[in-house]
Amino acid sequence: MEAMYTLGLNIHIVGVLILLGVVMFNGATLAFSKDIRVYARRMRIVMPISSSLLFLLFFTGAIMMAAKHLVFSSTNTAMIVGIIVIIFLEIKRYRVLRYQTDILNENALAEYKAKGFRYLGIEMAILLSLSAWMMV
Ligand code: HEM
């Protein structure tokens, strides 16, 4: 049981680190993008990766919570709220790109960049502050 818990915790922490890397990669890709169509195509590959990581975090977190008899401590509640906000922001970011951005418009990339950076920035802030809080 102890070994299972440690394995779950290690997978959880590695998941957080990879997700941080993916969010940074998304920000860098957006910053260096010159063509919204190329960016949208690349996002179609990256989105399933970030969704899987979010699922992995939820799954391993839920298992650890169950092992601890579902204690809703302040840190656990903060992680659950944080991940729900990140999932909501990722859906919003996808919907803005898919449905609210006219890729034929010349300014589409510039307009999307402003919104995309805001969503990614909030996601990054949540991930970093939660990780810092969990580590103290
Ligand atoms: C934004 C997403 C999340 C981040 C950044 C995050 C971060 C972390 C970190 C860094 C640890 C290790 C703490 C240590 O070494 O003691 C941890 C542990 C843990 N996480 Fe998460 N987590 C997230 C989401 C979740 C979710 C969604 C759940 C529950 C469904 C969860 C439940 C837990 C539990 C139970 C632990 C074990 C330590 C404890 O009891 O506090 N986490 N998390």
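**Entry 1: ground rules.** I am working on a predicted model, where local features need pLDDT of at least 70, side-chain atom pairs count only at pLDDT 80 or more, and totals for chains, interfaces and linings use all residues. I number residues from 1 along each chain as its sequence is written.

**Entry 2: the ligand.** I looked up the residues around the ligand and found 23, of which Gly-61, Met-64, Met-79, Gly-82 and Met-134 come nearest. I then listed the elements that give two or more residues to this shell: α1 (2-32), α2 (36-67), α3 (74-99) and α4 (108-135). Helices (H or I, at least four residues) and strands (E, at least two) are DSSP runs, numbered from the N terminus. Which element gives the most to the shell? I noted α3, with 7 residues. By class, I have 16 nonpolar, 6 polar and 1 charged in the shell. Here Ala, Val, Leu, Ile, Met, Phe, Trp, Tyr, Cys and Pro count as nonpolar, Asp, Glu, Lys and Arg as charged, and the others, Gly among them, as polar.

**Entry 3: the whole chain.** I found 4 helices and 0 strands in the protein chain, in the pattern α-α-α-α along the sequence. The C-alpha trace spans about 55 × 25 × 25 Å along its principal axes. Among contacts with a separation of 6 or more, 82% join residues 24 or more positions apart; a contact has C-beta atoms, placed from the backbone, within 7 Å.

**Entry 4: α1 and α2.** I read the axes as coming within 9 Å and crossing at roughly 155 degrees. Axes are lines fitted to C-alpha atoms, for helices over the stretch in contact, and angles run from 0 to 180 degrees between N-to-C directions. The two helices are therefore roughly antiparallel (angles over 145 degrees; under 35 is roughly parallel, 65 to 115 roughly perpendicular, and the rest oblique). The contact of α1 with α2 has 17 nonpolar, 8 polar and 1 charged residues.

**Entry 5: α2 and α3.** The axes of α2 and α3 come within 11 Å and cross at roughly 165 degrees, so I put them down as roughly antiparallel to each other. On the α2 side I listed residues including Ala-40, Leu-54, Phe-58 and Gly-61, and on the α3 side residues including Asn-76, Met-79, Ile-83 and Tyr-94. I sorted this contact of α2 with α3 into 13 nonpolar, 3 polar and 1 charged residues.

**Entry 6: Phe-58.** I stopped at Phe-58, which lies in helix α2. Is Phe-58 buried or partly exposed? Phe-58 is partly exposed, because 17 other C-beta atoms lie within 10 Å. I also checked Phe-58 against His-12, 46 residues apart along the chain, and their C-alpha atoms are separated by 8.6 Å.

**Entry 7: α3 and α4.** I read an angle of about 165 degrees for α3 and α4, with their axes 10 Å apart. α3 and α4 are therefore roughly antiparallel to each other. From α3, Met-79 and Gly-82 are among the residues that meet α4, and from α4, Trp-133 and Met-134 are among those that meet α3. The residues of this contact divide into 14 nonpolar, 3 polar and 4 charged.

Terms used
Near = placed C-beta within 6 Å. Contact = placed C-beta atoms within 7 Å. Buried ≥ 20, exposed ≤ 12 C-beta atoms within 10 Å, placed from the backbone.
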